[in-house]
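Here are my notes for you on this one. Have a look at the model yourself before you read on.

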Amino acid sequence: MIRRYTLTAMGEIWSDTARFERMLLVELAVARVQATRGLIPAEALAAIEGRARVDLERIAEIEKSTDHDVIAFVSQVAEAVGPQGRYLHLGLTSSDVVDTALALQLQAAGVRLLGDADRLIAVLVTRARAEADTVMMGRTHSVHAEPTTFGLKLAGWAFEIDRGRTRLAAAVDEIGTGKISGPVGTYSHLGPEIEAEVLVELGLHVDAVSTQIVQRDRHAALLTSIAILGGSLERIATEIRNLQHTEIGEVQEPFKAGQKGSSAMPHKRNPILSERIAGLARLLRGYAHTAMEDQPLWHERDISHSSAERVILPDSTIVLDYMLVRMAGLIDGLVVRSERMRENIVRGLGLHASSRVLLALVEKGGLSREEAYAIVQRASMRAADERSPLRDLLALDPTVAHRLSLADLDACFDDAAFLRHVHPIIERLDRLEPTAASAGVRDADR
């Protein structure tokens, strides 16, 4: 992923140094278990633990002739160890090391993403409670429907991100799976007991039945959960973009001093973070598709997945890390224009109360639903066309006046009736409190 969207800590997880260091962790863990079982001399283990190190330049130099990065890595480390280096990588196949090390990288990246999600949930919960009574118009098909509150909108986002976090947590747990089972998964050189001890030391699950590799359904599940969470972020971003329309103007992204929106138009204050998040979500869906294409490998393996994974695995975690962190900052600094929300409700001419008038005419006025619907629809269309308040037109309608008192009619236009259950819904955020309470801003790049 380009530097622009790579935050420092996540970028470090996917550096070449981190990759080879995790491969070395696997090699060292295997050597320790082999030594305890008398499969390699104790002095060999001492030499390996004392002298093994990663030298990127030397690996690159060796790879020029081997055209195989794992062989280059093993050769470089053995070279650094000296004569006892011949016991390094004993009984292993490349994928034992590569897939197990990859599991460690994905596990570390996943833990970071879960922390990012916790932080975003915490911000959403805080803002939802603060905006619980900020009344705004709910819209369906982009048309005024009935009033809601901005707090309810934020609360819905919080629960959606929490669901995404749950999916991601399951995938991260599953991706923490390694294998030390040899060229086709039959333990032809090292037994299952060695694999079990090595993976316990590394904090990974054992693949119950592997081939030369850990099967890629796990990776597909991880990237799918990442893409779904990215889709939730895009949904939030899209709503913010819509609400920042000049004609709506109910929220605004943070806009820092010195920031500019256009080289030609000084008045521009654009929802650039939301637009960026929406664009990056498209990448995540593409990565998920590629991960699913990587599942059907030939026989016990081929390497058609390898080249793709060198892109999609780092990039998907880097992109989601960026999106989650930036969305948390966006929500935290979001400008909520409650006065504009109220203005937009007033501009709606009371049309949002049509459903309550309909019910009143049926329940109190004794009309059939069809009769009541026709009366209210006719008045609503006239109100919209003539830009007249719906309440005034209904008050002059003889059928309505005969069936409902003015007090009954006014009660239909009391917005409090629409919002009487808001606080019980907001209280459901208490379910997210343990996750939210554990979250905090981490690291300077946050």
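1. First, some ground rules. This is a predicted model, where local features need pLDDT of at least 70 and side-chain atom pairs count only at pLDDT 80 or more, while totals for chains, interfaces and linings use all residues. Residues are numbered from 1 along each chain as its sequence is written, and side-chain values use heavy atoms, with hydrogens and water left out.

2. Let's begin with helix 6 (residues 94-130) and helix 7 (residues 150-175), whose axes come within 9 Å and cross at roughly 165°. That makes helix 6 roughly antiparallel to helix 7 (angles over 145 degrees count as roughly antiparallel, under 35 as roughly parallel, 65 to 115 as roughly perpendicular and the rest as oblique). In the contact of helix 6 with helix 7 you'll find 20 nonpolar, three polar and four charged residues. Here Ala, Val, Leu, Ile, Met, Phe, Trp, Tyr, Cys and Pro are nonpolar, Asp, Glu, Lys and Arg are charged, and the others, Gly among them, are polar. A note on terms: helices are DSSP runs (H or I, at least four residues) numbered from the N terminus, and axes are lines fitted to C-alpha atoms over the stretch in contact, with angles from 0 to 180 degrees between N-to-C directions.

3. Helix 7 also packs against helix 9 (residues 217-243), at an angle of about 165° and with the axes 8 Å apart. So helix 7 is roughly antiparallel to helix 9 as well. Their contact residues split into 16 nonpolar, four polar and seven charged.

4. Now try helix 4 (residues 56-66) and helix 5: their axes come within 8 Å and cross at roughly 130°. That makes helix 4 oblique to helix 5.

5. How many aromatic pairs does the count come to? Three, where rings of Phe, Tyr and Trp (its six-membered ring) pair if their centres lie within 6.5 Å, and planes under 30 degrees apart are stacked, over 60 edge-to-face and the rest tilted. One of them is Tyr5 with Tyr322: the ring centres are 5.1 Å apart and the planes are at 75°, so the pair is edge-to-face. Tyr5 lies in the segment before helix 1 (8-13) and Tyr322 in helix 11 (residues 304-333), so the pair ties together parts that are 317 residues apart in sequence. Tyr5 and Tyr322 are both buried (under 20% relative accessible area with a 1.4 Å probe, protein chains only; over 50% is exposed, and in between is partly exposed).

6. Phe20 and Phe73 make another pair, with centres 5.7 Å apart and planes at 20°, so this one is stacked. Phe20 is in helix 2 (residues 16-36) and Phe73 in helix 5 (residues 69-81), 53 residues apart. Both Phe20 and Phe73 are buried. Arg19 lies over the face of Phe20, at 5.0 Å from the ring centre (the rule: NZ of Lys or CZ of Arg within 6 Å of the ring centre and within 35 degrees of the ring normal). Likewise, the charged end of Arg356 sits over the ring of Phe418, 5.7 Å from its centre.

7. Last, the backbone. Most residues other than glycine have a negative phi. His299, though, has a positive phi of about 50°, and Leu349 has a positive one near 65°. Are they buried or exposed? His299 is exposed, at 74% relative accessibility, whereas Leu349 is buried, with a relative accessible area of 13%.

Conventions: Helices (H or I, at least four residues) and strands (E, at least two) are DSSP runs, numbered from the N terminus.
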